[in-house]
Amino acid sequence: MSRLFTLAPLMLFLGLAYLIPLAGIMLQSVTTPEFGMQNYSQALGDPLVWSVIRRTLRICLSVTAIAVVLAYALTLLWLNGSRGMRVFVELAIMIPFWLSVLSRTFGWLSLLSNRGLINTWLQSIGVISEPLTLIRNEFGVILGMVHFLIPFAVFPLASAMRDVDTRVVLAARGMGASRLRIFWQIFVPMTKSGIIGAALLVFVFSLGFYIVPTLLGGGRSVMVAELIYLRIFQIPNWGLAAALSALIMLSIGAFLVALIKRTEGTMK
Amino acid sequence: MASSTAAIEALQIGKDYGTFTALSDVSMKIMPGEFVTLLGPSGSGKTTFLMMLAGFEDITRGKLLIEGADCTKTDAEDRGFGMMFQGYALFPHMTVAENIAFPLKVQKRPKSEIKTRVADMIDLVGLTGHAHKRPTGLSGGQQQRVALARALAYEPPVLLLDEPFSALDKNLRGQMQDELRRIHAKMGTTFVFVTHDQDEALALSSRVAIFAKGRLQQMASPTDVYERPSNRFVAEFLGDINILPASFDGVNSRVGDFAITLPQAPSSQATHIGVRPENLVLYPAAETDGLECTISDRVYMGAQSRLQLTSALDDTPLMIDVKTSELTSHAEPGQKIRVGWAGKDSLIF
Amino acid sequence: MNKHFQQDQVLLLKEKLESGALSRRGFMQGLALLGGTSALGLSAGSLHAADKDMVFVNWGGDAIEAMAAAFGDGFSEKTGVKVLYDGSGPLEGSIKAQAESGSPTWDLVDCDPFSGQALGKQGFMRPIDWNIVDESKIRDGFKWEYAASSYFYSYVIAYDATKYDTPPASMADFFDAEKFPGKRAMYKWGAGMWEAALMADGVAPEDLYPLDLERAHAKIAGFKDNIGAFWGGGAESQSLLLNGDVSMALIWNTRASLLHKDTDGEIAMTWAQGIVAPGSTGVLMNNPVGEKAAMEYIAHSQDPESQVKLFELLGNGPANPAADALVPEESKFFNPTDPANFAQQTPLDMAWYEENYGSALDAYLGVISA
């Protein structure tokens, strides 16, 4: 009871700052400019919306897969490496974490543009004669997003890996299992919750990316967030923007519920 | 394999962590089919020694022979030992059957063999009908049985057990001990069992190895370690004991006025005599021999009662266990009595 | 479109003053993008005007000082009304949010003429009072019911002069990757790009409107492999050329002239077949200081010398034709409305944009992001 009482201000804050505006968006999606589902039918009937959603899913799923795999390796190094390696990995995770997404994105720009460090270096040692197009395409977008999102995947993975009972791994070793078998058949399955958590976090987070695709995508990789921005500010159609936001929110919600149900199912 | 070859032979094994010596000069032979318990208080080095046998800890000094072959540097995965951990260490994402099948799959046994073997093991540990459950759906005792079945499924020559029953409640622990003894007898596997519970050690093993302060203190049969402890630590660690200062002259020794004739002359360093409470004898009231004591407390323990005494000699507290039926109503706190013991029951330190 | 241009001006001054370090430039570029997201005028830039203060909303940063220096300070001296420049960025959506509240805190906005028109027709903007604002000080064809043009800018070809012996002289050259090899950059928000594509495809400038979007998009789609990037902000367009990511780009004249000057013509610009457009000032309905003061501000900003001052600070052309002659001789080449330059260009048709920009941009984004 007292716990509920101390939580009350937080709940109130969440309600005011989050739920009410959210309800406002939902309401606007069916009332602007007039009552009805026309915004939804317009949004779902628009080939641009579908192509943007397809691209967003393609990019976000790739980013999620790559970020989680890399974060997994990084977390292993972080938790099991030598002292020096741990410090190094920690810095590698934390320092970019403190930089804004904007500065990181510009870091990539200066590194990967045609006259950027990488191309200049590759050309100077004679590996390539013409600069490689490393950014201003989907590759650049995925790279920038993966880089930004890896730390978010590391934390759930680290907590799952710390929860793995080392004796279970020792038990498997004692039975003569190879390291590879232990990794794939014991360790990875035992960190499944961390993998799912990390993937969810990265995926949901990636759906809202705006700056990275805008700057590293060369203007071509329009994702959902930018489309909503367009509908709010560029060609104002708030009803449509609200409907788009609501659609994304609902699909993420449905996706999460389905996923939770499924994981619960497999746990039984 | 000739039965004269030890399953495991440790030759002056030691372990250092930096400058800290966790274990020194442990030598022992464990014969095939033995049930050896490593017993000692926490920090005594028993678990370190087990982990070195398993291959999970490097051996700093000394040599380890397995069936006569030097395995000091062999990896855990190549020693072929079974291991049971404190907390079961089951694979949480696998069913009971999958857990038991895992080591068999590692050994690439044929599918049909795995199937029958798994079923046999499940029957052996009494888990018939639970094959498709996950560990989280089982009780502690059942999980323990799965761990045992898994560890024995691939018929390892040696099974190492690291305090496997420490998380179980007392009743369940007794049941599991019986089960373990039964399975040991049936399978003939060499068991090396770590525990800090002396009752468990005495009840289960063919031999007990007692560790303290990083050293092996004594290794002998349960009877021997209890009745003939090699030093005062072992004597005090196993059960209760009264220890009294004594003087020695050949086979004759004295505690105060009480003279005891020992079966054989002790070493010249001997200073004390130890007697188990059950070996003290209450003398009749008229007797003048023995040690004069005052009863300070009387504890009823069913068939037995324990009297807490204070020696008139130097106020040393003593314990004596007597049959409750033999106690007179006079054996009350404050009353003076005399106690004594036989020379054969004297432990010399 | 235009709003991005206006926003971009903010950055120009700052960048001029700095040595042009790439990271810094990059950073400014980011600010430009972020500026666009300061949602609905609720950002920290919002000011609480005192009774008599007038709030002019532009695109923030140094444009505040440039506009104050060119117009605001003089206006305050003359009338006693202090002008506060609020850099929240009057995106169409933001103006709408202000106006819909019924009691806006903004008076004047630096907006697209067609946005002003669209919003005005919905009742969110005041009609321009041509009794106070002087029609004769506005170029023919660049005044509207709800917006008075206040400056000009152009979409022009800028190119890496070190790569080409003959400079590009038309949009056809821009779209000809064989004659002029190298990557191109175009504007992400469409404006000016349809016109460029159609001219390259053989449409005469006077026959551009109404735009044949299908034809324009077909031209762009067919050329897409040669386009290295679609830029969304002026600094981005500038760094694309500077970094060598592209060797020719359709960019704003303000950025092009900066590149031209900074690189001593290594990156050059041409007015040939440029597309010229006005920026305008509009007044919000029910604005706090009232209609009269707001109209007087617009009238005050028509002063030719003030407009030349703005050109010198930000690089955009004066709205008042009388100001062109006052531009110093050595700067005339960079003035989009200088008669010699203006004649080579085609004006954007605001009426067409008012009607069609939304759907055209949707289709354009579909084409470029496909």
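Guide: Let us begin with the general idea, which is that strands of a sheet pair through backbone hydrogen bonds, either parallel or antiparallel. In this model, which is predicted, chain B holds an open sheet of three strands in the order β11-β15-β21, and the pairing is antiparallel.

Visitor: Which strands are the edge strands of that sheet?

Guide: They are β11 (242-245) and β21 (347-348) of chain B, each of which pairs on one side only. If you follow β11(B) to its partner, you find four bridges joining it to strand β15 (residues 272-275) of chain B, and the two run antiparallel.

Visitor: Now for the backbone itself. Which residues other than glycine have a positive phi, and where are they placed?

Guide: Two examples in chain B may be read side by side. Glu67(B) is not a glycine, yet its phi is positive at about 50°, and its place is in the loop between β4 (61-66) and β5 (69-70) of chain B. Lys213(B) likewise has a positive phi, near 50°, and lies in the loop between β9 (207-212) and β10 (215-220) of chain B.

Visitor: Why does Glu67(B) count as partly exposed?

Guide: The reasoning rests on counting neighbours, since a residue is buried with 20 or more other C-beta atoms within 10 Å of its own and exposed with 12 or fewer. Glu67(B) has 15 C-beta neighbours inside 10 Å and therefore counts as partly exposed. Lys213(B), with 14 such neighbours inside 10 Å, counts as partly exposed because of that number.

Visitor: Which peptide bond is cis, and what is its omega?

Guide: Look at chain C, where the bond from Tyr209(C) to Pro210(C) is cis, with omega near -10°. Pro210(C) is found in the loop between α7 (193-200) and α8 (213-223) of chain C.

Visitor: While we are in chain C, how many helices and strands does it have, and what share of its residues is buried?

Guide: Chain C has 14 helices and eleven strands, and buried residues make up 58% of its 370 residues. A further reading comes from sequence separation: among contacts in chain C between residues at least 6 apart in sequence, 74% join residues at least 24 apart.

Visitor: How should I read the contacts between chains, and which pair of chains shares the most contacts?

Guide: Take the pairs in turn. Two pairs of chains are in contact, and of these chains A and C share the most contacts, whereas chain B and chain C do not touch, their nearest C-alpha atoms being 44 Å apart. Between chains C and A, 32 residues of chain C are in contact with 25 residues of chain A. On the chain C side, the elements giving two or more residues are α2 (22-35), α4 (92-100), β7 (227-231) and α14 of chain C, and by class this side has 14 nonpolar, 13 polar and five charged residues.

Visitor: And what does the side of chain B that touches chain A consist of?

Guide: There, 17 residues of chain B are in contact with 14 residues of chain A. Of the elements of chain B, α3(B) gives the most to this side, with three residues. The residues of this side divide into twelve nonpolar, four polar and one charged.

Visitor: At what angle do helix α3 of chain A and helix α14 of chain C pack?

Guide: Helix α3 (residues 47-80) of chain A and helix α14 (residues 350-368) of chain C pack at an angle of about 35°, with their axes 10 Å apart, and α3(A) passes α14(C) in a left-handed crossing. At the contact, Pro47(A), Leu48(A) and Ser51(A) in α3(A) meet Asp362(C), Leu365(C) and Gly366(C) in α14(C); these residues divide into three nonpolar, two polar and one charged.

Visitor: Lastly, which residues of the largest nonpolar core touch the most other members?

Guide: Of the 162 residues in that core, they are Ala71(A), Ala153(A), Ala158(C) and Leu250(C), and helix α7 (residues 138-163) of chain A gives the most to this core, with 13 residues. A second, separate core of 96 residues includes Met52(B), Ala149(B), Leu161(B) and Val255(B).

Terms used
Residues numbered from 1 in each chain as written. Chains lettered and ligands numbered in written order. Predicted model: local features only at pLDDT ≥ 70, side-chain atom pairs only at ≥ 80, totals over all residues. Axes fitted to C-alpha atoms, helices over the stretch in contact; angles between N-to-C directions. Left-handed = near helix turned anticlockwise from the far one by under 90°. Contact = placed C-beta atoms within 7 Å. Nonpolar A, V, L, I, M, F, W, Y, C, P; charged D, E, K, R; others polar. Pairing = 2+ DSSP bridges. Core = buried A, V, L, I, M, F, W, Y, C linked by C-beta atoms within 7 Å.
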